[in-house]
Amino acid sequence: MHLPKWATGFGAQVIAGLIVGLILGFIARGAEVEWLTQTLSWVGSAYVQLLKLLIPPLVFTAVVTSVANLRKVANAARLAVTTLIWFAITAFVSVLIGIGVGMLLQPGANSTVSPEAAAEPSTTGSWLGFVQSVVPANFLGLTGEVTDDGGVSLTFNVLQILIISLLIGVAAVKAGAAAEPFLEFSESLLKVIQVVLWWIIRLAPIGSAALIGRAVASYGWEALGSLGMFVLAIYLGLALVIFALYPAVLALNRLPVGGFFRRVWPVTTLGFATRSSMGVMPVNQRTVEESMGVPREYASFAMPLGATTKMDGCASIYPAIAALFVAQFYGIPLHFTDYMLIVIVSVLGSAATAGTTGATVMLTLTLSTLGLPLSGVGLLLAVEPIVDMGRTAVNVTGQALVAAVVAKREGIIDDSAWEDNATTTAAEARV
């Protein structure tokens, strides 16, 4: 029997991988099959590592090339400003949703978590830390530290790489004809990286199966325990953002709601499984370019920026509900000015945590601004992996949303990409 393309496309394969992963995870947890848990963990970690492998060269070549190509796009500065405005608009409404859900469900007052679980976080967010993280430490934006076993662990700061790339791209444009060979090399290298990247993306069904399987095997439902109401509040807030706010924004800008979610769904599910906005960024960028008609010149700028600073899940819903949880748990009343501070920190704070590790640092920034005890962070660590999956899914979906909306509003989107009412996407068609 001949199956329709939607049933054999990339999105369907990712969903099938998630289902297989759930089954394997329950088997590993229920039967306590250690070797299966270890295999799922190894395969999942390897896949995320592969995704992150190409991020530094991809961001560098894509941003340098996009800066050069933005000369062909009218109102490049307007595009950048409009992108930041839509980042702020969706973050503003998202944090209001988070506050509303937190006030309605009262997760802190309805929790039975032990006060003994309270613990100071190992890292905290600060506005000074943001300024320091923006300034590049070296040309490659890399940092290294010695591990306990004597090895050296290298990490990269994408925000620093983004700034370095922007500066070099602008300098290359200013250099004129002398920089043309460099720009041609960057564009050529970008195409090579994209080919290799697509090979890695094709492994997404396997990687998704391993990642979701590992999550089920490691955490199961037992981790919810006394924090069930908090997890429910988080996921209710996330659901309202992705299934109410985002469709409203799409409809307002005359973009097909169903068509958007069909195209972005593989990215959403991959974000849910990987828990890494940066790891999903290459897949997300390819999706908005090929499936949503967003020009590559703009997508190469917007998607890396969004992956570091556009976090409706981590920087809006989560810190709002978590801050209310901590206040309710300790019996500390919040006033109108406190709620306004939560809104301000959430709208601006995404950038403040871009060079660090997302939601926990964002929460400490919110708590310290409100004067709430930082030890409240420890109360929520037990369910961190569970809520992080939903947060990341919303993050990556919102990043694609803003890119499509801005391209549509500025009249640079390829409308023909939306004219096909079939459920296949451009990325799937290449499989």
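A crossing of two helices is right-handed if the near helix is turned clockwise from the far one by less than a right angle. The legends below apply this term to a predicted model.

**Figure 1. Helix α11 crosses helix α17 in a right-handed manner.** Helix α11 covers residues 257-274. Helix α17 covers residues 384-409. The two pack at an angle of about 145°. Their axes lie 8 Å apart. On the α11 side, the contact uses Phe260, Phe261, Val264, Val267, Thr268, Gly271 and Phe272. On the α17 side, these meet Met389, Gly390, Thr392, Ala393, Val396, Thr397, Ala400 and Leu401. Sorted by class, the contact of α11 with α17 has ten nonpolar and five polar residues.

**Figure 2. Helix α5 packs with helix α13 at an angle of about 30°.** Helix α5 runs over residues 76-105, and helix α13 over residues 296-309. Their axes are 11 Å apart. The crossing of α5 and α13 is right-handed. Helix α5 contributes Leu79, Ala80, Thr83, Leu84 and Phe87 to the contact. Helix α13 brings Tyr298, Phe301, Ala302, Leu305, Gly306 and Thr309. Eight residues of the contact between α5 and α13 are nonpolar and three are polar. None is charged.

**Figure 3. Five aromatic residues form one cluster.** The members are Phe230, Tyr318, Phe325, Phe329 and Tyr330. Six aromatic pairs occur in the structure. In one of them, the ring centres of Phe329 and Tyr330 are 5.3 Å apart. The planes of Phe329 and Tyr330 stand at 85°, so this pair is edge-to-face. The cut-off for that class is over 60 degrees. Tyr330 has 32% relative accessibility and therefore counts as partly exposed.

**Figure 4. Arg391 lies over the face of Tyr318.** The distance from Arg391 to the ring centre of Tyr318 is 4.3 Å. Tyr318 also belongs to the aromatic cluster with Phe230, Phe325, Phe329 and Tyr330.

**Figure 5. The chain as a whole has 19 helices and two strands.** This view sets the close-ups in context. The chain has 431 residues, and 55% of them count as buried. Contacts between residues at least 6 apart in sequence were also sorted by separation. Of these, 85% join residues at least 24 apart.

How values were computed
Residues numbered from 1 in each chain as written. Predicted model: local features only at pLDDT ≥ 70, side-chain atom pairs only at ≥ 80, totals over all residues. Heavy atoms only, no water. Axes fitted to C-alpha atoms, helices over the stretch in contact; angles between N-to-C directions. Helix = DSSP H or I, 4+ residues; strand = E, 2+ residues; numbered from the N terminus. Contact = heavy atoms within 4.5 Å. Nonpolar A, V, L, I, M, F, W, Y, C, P; charged D, E, K, R; others polar. Phe/Tyr/Trp six-rings, centres within 6.5 Å; stacked < 30°, edge-to-face > 60°. Buried < 20%, exposed > 50% of the residue type's maximum accessible area, 1.4 Å probe, protein only. Lys NZ or Arg CZ within 6 Å of the ring centre and 35° of its normal.
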